[in-house]
Amino acid sequence: MEKATENPISETRPPPHPNHQMDADDDDENVKQLKECSSLYLALQDCLVDSNRDWKSCQKHVQALKACHERRTKK
(Lines give C-alpha, C1' and ligand atoms only; values in the text may rest on other atoms or scores of the structure.)
Protein backbone atom coordinates (compact mmCIF):
# COMPACT_ATOMS: atom_id res chain seq x y z
CA MET A 1 0.00 0.00 0.00
CA GLU A 2 1.13 3.51 -0.78
CA LYS A 3 1.30 6.08 1.94
CA ALA A 4 -0.62 9.27 1.40
CA THR A 5 1.83 12.13 1.02
CA GLU A 6 1.33 15.55 2.50
CA ASN A 7 0.22 18.36 0.25
CA PRO A 8 3.46 19.60 -1.39
CA ILE A 9 1.89 22.98 -2.14
CA SER A 10 1.50 23.84 1.54
CA GLU A 11 5.16 22.98 2.15
CA THR A 12 6.49 25.22 -0.60
CA ARG A 13 4.11 28.16 -0.23
CA PRO A 14 5.90 31.19 1.25
CA PRO A 15 4.45 32.69 4.43
CA PRO A 16 2.11 35.64 3.89
CA HIS A 17 3.77 39.05 3.92
CA PRO A 18 2.63 41.79 6.27
CA ASN A 19 0.40 44.35 4.56
CA HIS A 20 3.05 47.06 4.77
CA GLN A 21 6.24 45.04 4.58
CA MET A 22 7.97 47.27 2.04
CA ASP A 23 6.38 50.61 2.98
CA ALA A 24 9.25 51.74 5.20
CA ASP A 25 11.53 51.50 2.17
CA ASP A 26 9.21 53.56 0.00
CA ASP A 27 9.46 57.32 -0.39
CA ASP A 28 6.97 58.02 2.39
CA GLU A 29 8.84 60.67 4.37
CA ASN A 30 6.41 60.43 7.28
CA VAL A 31 7.28 56.77 7.84
CA LYS A 32 11.00 57.43 7.38
CA GLN A 33 10.91 60.14 10.04
CA LEU A 34 9.82 57.54 12.58
CA LYS A 35 13.21 55.82 12.15
CA GLU A 36 13.44 52.91 14.59
CA CYS A 37 9.71 53.20 15.37
CA SER A 38 8.64 52.78 11.74
CA SER A 39 8.19 49.00 12.01
CA LEU A 40 5.94 49.49 15.05
CA TYR A 41 3.89 52.08 13.16
CA LEU A 42 3.49 49.76 10.21
CA ALA A 43 2.52 46.88 12.53
CA LEU A 44 -0.16 49.15 14.02
CA GLN A 45 -1.43 49.94 10.53
CA ASP A 46 -1.59 46.22 9.73
CA CYS A 47 -3.50 45.58 12.95
CA LEU A 48 -6.00 48.32 12.13
CA VAL A 49 -6.55 46.90 8.65
CA ASP A 50 -6.96 43.37 10.00
CA SER A 51 -9.35 44.46 12.77
CA ASN A 52 -11.51 46.72 10.59
CA ARG A 53 -10.10 49.87 12.26
CA ASP A 54 -10.87 48.64 15.80
CA TRP A 55 -8.43 50.62 17.95
CA LYS A 56 -9.33 48.62 21.05
CA SER A 57 -8.05 45.45 19.39
CA CYS A 58 -4.74 47.15 18.58
CA GLN A 59 -3.85 48.66 21.96
CA LYS A 60 -0.74 46.47 22.27
CA HIS A 61 0.57 48.06 19.06
CA VAL A 62 -0.48 51.56 20.13
CA GLN A 63 1.35 51.22 23.45
CA ALA A 64 4.50 49.83 21.78
CA LEU A 65 4.58 52.75 19.33
CA LYS A 66 3.98 55.24 22.15
CA ALA A 67 6.84 53.75 24.21
CA CYS A 68 9.19 53.84 21.21
CA HIS A 69 8.31 57.46 20.51
CA GLU A 70 8.92 58.38 24.17
CA ARG A 71 12.35 56.68 24.08
CA ARG A 72 13.24 58.60 20.93
CA THR A 73 12.23 61.97 22.37
CA LYS A 74 14.32 61.38 25.53
CA LYS A 75 17.51 60.96 23.47
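1. The side chains of Glu-36 and Arg-72 meet in a salt bridge at 3.7 Å, N to O (a side-chain nitrogen of Lys or Arg within 4 Å of a carboxyl oxygen of Asp or Glu). Glu-36 lies in the loop between H2 and H3 and Arg-72 in helix H4, so the pair ties together parts that are 36 residues apart in sequence. A search of the whole structure finds one salt bridge.

2. The model is predicted: local features need pLDDT of at least 70, side-chain atom pairs count only at pLDDT 80 or more, and totals for chains, interfaces and linings use all residues. Residues are numbered from 1 along each chain as its sequence is written, and side-chain values use heavy atoms, with hydrogens and water left out.

3. Glu-36 is partly exposed at 43% relative accessible area, and Arg-72 is also partly exposed, at 24% (buried is under 20%, exposed over 50%, partly exposed in between; 1.4 Å probe, protein chains only).

4. The largest nonpolar core has eight residues, among them Cys-37, Leu-44, Val-62 and Leu-65 (buried Ala, Val, Leu, Ile, Met, Phe, Trp, Tyr and Cys joined through side-chain atoms within 4.5 Å). Helices H3 (38–50) and H4 (59–74) each give two or more residues to this core (helices are DSSP runs of H or I, at least four residues, numbered from the N terminus).

5. The 13 residues of H3 should span 18 Å at 1.5 Å a residue, and the end C-alpha atoms are 18 Å apart, which agrees (expected span: 1.5 Å times one less than the number of residues). Just after H3, Asn-52 takes a positive phi of about 60 degrees.
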